[in-house]
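I opened this entry to keep track of what I looked up, in the order I looked it up.

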Amino acid sequence: MNKIPNREVVNDVLVEHAKTNKDIVVLASDSRGSAKLAPFAKTHHNQFVETGIAEQNIVGVAAGLASCGKIPFVASPACFLSMRSVEQVKVDLAYSNTNVKLVGISGGISYGALGMSHHSVQDLAVMRAIPGMTVVLPADRFETQKMVEALLETYGPTYMRIGRNPVEDVYDSLDYEFRLGKANVLHEGKDVTLIGAGETVRVVLDAALMLEKEGIHARVLNMHTIKPLDTEAIIKAARETGYILTLEEHSIYGGLGGAVSEVVAAQCPVKMEIMGIPDEPAVAGTTGEVFAHYGMTAEMICQKVSAQLGKKKEA
Amino acid sequence: MDVRSLEKKAVQIRKDVVQMIYDAKTGHTGGALSSTDIMTTLFYGIMNITPENSKHPDRDRFILSKGHSVEPYWTILAERGFIEKEELKTFSQFNSRLIGHPNNKVDGVEMNTGSLGHGLSVASGMALAAKMDKKDYRVFTLMGDGEQAEGSVWEGAMFAAHYKLDNLVAIIDRNRLQISGCTEDVMGLDPLDKKWESFGWNVMEVDGNNIEQLYDALIKEPACIDKPTLILANTIKGKGVSFIENQAAWHHKVPTEQEYVQAINELDQMLEALEVSHE
């Protein structure tokens with residue numbers, strides 16, 4: 001089991017690149033510890049800005065820095081960064097088109113036991129509704145590295161959400177092609193398409209491997225970029241598999257499932273299921289406990305898919 | 001700097017502002033007129049900017065945090081050659097770049113504003129970038145007094161003082177009125193000078209409709225080493241047109257034809273008076 005959390009990878013990549021790229025600036029809102037950015041703050045103190053607990057200000061300051069040519073990475077808990085500062089995101093980042101990278105740490109229900117104030121399960125819906133924003137979630141530590149490197153190369157305001165704890169690897173190395181806005185097919189199949197994003201990719205991949213044993217061939221898409229969405233991959237999946245299931249660490253409203261179903265409904269209507277956190281204050285617990293409580297597990301996906309494909313056969 | 005010529009310039013800009021608002025049948029008349037002298041002083045007397053090299057990395061920066069006072073800004077950008085004067089006629093028309101708030105599709109506008117309480121943080125980021133890059137450009141932001149009720153202003157105030165951004169100047173257009181009435185009735189702000197001082201700022205108070213006083217306050221660079229400067233610019237909302245002055249109702253009221261004629265007449269008389277006193 002991997003022991004390295006994605007936030008540590010973000011720090012490592014930025015520490016490395018900041019040695020030569022002096023435009024990189026990391027901003028934290030009393031969050032350098034929780035973002036695992038203390039090493040960056042230490043090694044690149046001239047490129048590190050502490051704002052204190054002030055999420056509106058941190059985003060505005062980052063926009064000002066960006067307008068002067070800096071590449072600011074703002075690392076702050078996703079629950080606050082995506083809500084408290086959303087108007088600064090809308091006006092100072094998206095509307096003004098500034099090159100600020102928001103890194104929402106401990107996203108989803110990472111802070112499971114701390115309650116709804118600390119859960120961020122509306123962030124994807126909020127961020128993807130803002131024109132000009134790029135919205136991304138890495139599946140594991142390898143993808144985190146490739147993603148941060150891609151963001152360094154790409155101009156534009158971005159929201160990147162990562163979790164708190166180490167996640168099991170999806171990839172076994174950096175040796176694969178990662179492109180922003182281009183979903184990766186992790187498993188081929190024609191009976192159903194399972195789509196995950198961020199930390200749910202591992203879960204849907206496990207479900208596909210389990211389904212394989214039942215003779216059900218599932219395609220797995222890693223939708224690391226929620227916006228701009230890879231509509232081509234979705235339409236292809238709908239046409240070729242006729243059934244799509246999404247799993248997200250987010251409200252079932254307006255996130256990955258919402259984005260995918262907008263495309264499916266308009267361009268190639270097929271059976272869809274959206275799995276995630278229901279419209280209620282999420283139950284408190286560890287990530288594993290909360291996922292299990294809401295049926296966000298490989299086993300539950302298998303049950304749903306088997307039942308649906310069984311129904312289809314009977315019909 | 002020739003104060004008298006700037007005073008005339010400011011009256012001419014007021015005439016253009018009234019014209020724009022009358023033609024477009026929309027605009028924020030009161031705040032536009034109260035802040036005209038401040039923007040005139042900055043753009044003609046203080047800031048190091050040129051339309052020929054509008055993106056020069058060492059240029060001074062201006063953020064109109066009270067974005068609704070955009071009319072003098074558009075007029076000044078046209079007068080200074082950042083945009084064609086002809087384009088002013090498109091103000092607030094369908095698909096125009098010259099909308100009712102600053103728009104960075106227009107040369108000379110650094111950032112989009114419109115929502116209050118954003119400008120100070122953005123300006124602080126720009127001032128911090130100058131410090132990081134060891135550049136000596138200055139950053140100016142103009143806020144409203146009603147805007148001071150936004151909590152984000154005070155997040156920005158703490159930040160700029162903490163980072164000793166003495167290359168940052170924030171100006172408050174203290175006209176004491178906001179859309180619902182007197183600022184002190186809507187949400188008490190006084191003592192505003194003490195509040196900013198207690199946040200670690202160098203505070204200067206001036207008559208914000210007096211170009212000479214504004215110039216003297218703004219030209220010092222820095223006004224106070226290691227502290228950002230706050231200029232409390234006491235102004236008259238609607239300054240320059242008798243029946244608009246000090247009337248909260250004129251926050252975004254548009255003049256009728258009769259009012260328009262009277263306003264232009266009054267401003268013309270003011271210009272004449274300045275000509276005479278100049279001679």
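I started at Val86(A), which lies in helix H5 of chain A. The model is a predicted one, and I read everything below with that in mind.

**Contact between the chains**

Next I looked at where chain A touches chain B. Chain A puts 21 residues into the contact and chain B puts in 20 residues. On the side of chain A, the elements that give two or more residues are helix H3 (55–67) and helix H5 (86–95). Which of them gives the largest share? I noted H3(A), with 9 residues. Sorted by class, this side of chain A has 9 nonpolar, 9 polar and 3 charged residues.

For confidence, I noted the predictor's scores for the complex, an ipTM of 0.97 and a pTM of 0.97. Chain B has a mean pLDDT of 96, with 99% of its residues at 70 or more.

**A sheet in chain A**

I then traced an open sheet of 5 strands in chain A; the order is E7-E9-E8-E11-E12, and the pairing is mixed. Why is one side of E7 and of E12 left without a neighbour in the sheet? Strand E7 (184–187) and strand E12 (271–277) stand at the edges, and each has a single partner strand, so one side of each has no neighbour there. On average, neighbouring strands of this sheet are turned by 25° against each other, direction ignored.

I looked at one pair in detail. Strand E11 (residues 243–251) of chain A runs parallel to E12(A), and 6 bridges join the two. Opposite Ile244(A) I found Met272(A), in E12(A). Helix H9 (residues 231–241) of chain A packs on the sheet, where it touches strand E8 (192–196), strand E9 (218–222) and E11. The direction of H9 makes about 175° with that of E9(A).

**A strand pair in chain B**

Last, I turned to strand E1 (residues 61–64) of chain B. Both faces of E1(B) are covered: Arg61(B) and Ile63(B) are buried on one side, Phe62(B) and Leu64(B) on the other. E1(B) runs parallel to strand E2 (residues 139–144) of chain B, with 4 bridges joining them. I also looked up the bridge partner of Leu64(B) in E2(B), and it is Leu142(B).

Conventions:
Residues numbered from 1 in each chain as written. Chains lettered and ligands numbered in written order. Predicted model: local features only at pLDDT ≥ 70, side-chain atom pairs only at ≥ 80, totals over all residues. Pairing = 2+ DSSP bridges. Axes fitted to C-alpha atoms, helices over the stretch in contact; angles between N-to-C directions. Contact = placed C-beta atoms within 7 Å. Nonpolar A, V, L, I, M, F, W, Y, C, P; charged D, E, K, R; others polar. pLDDT = per-residue confidence, 0-100. Buried ≥ 20, exposed ≤ 12 C-beta atoms within 10 Å, placed from the backbone.
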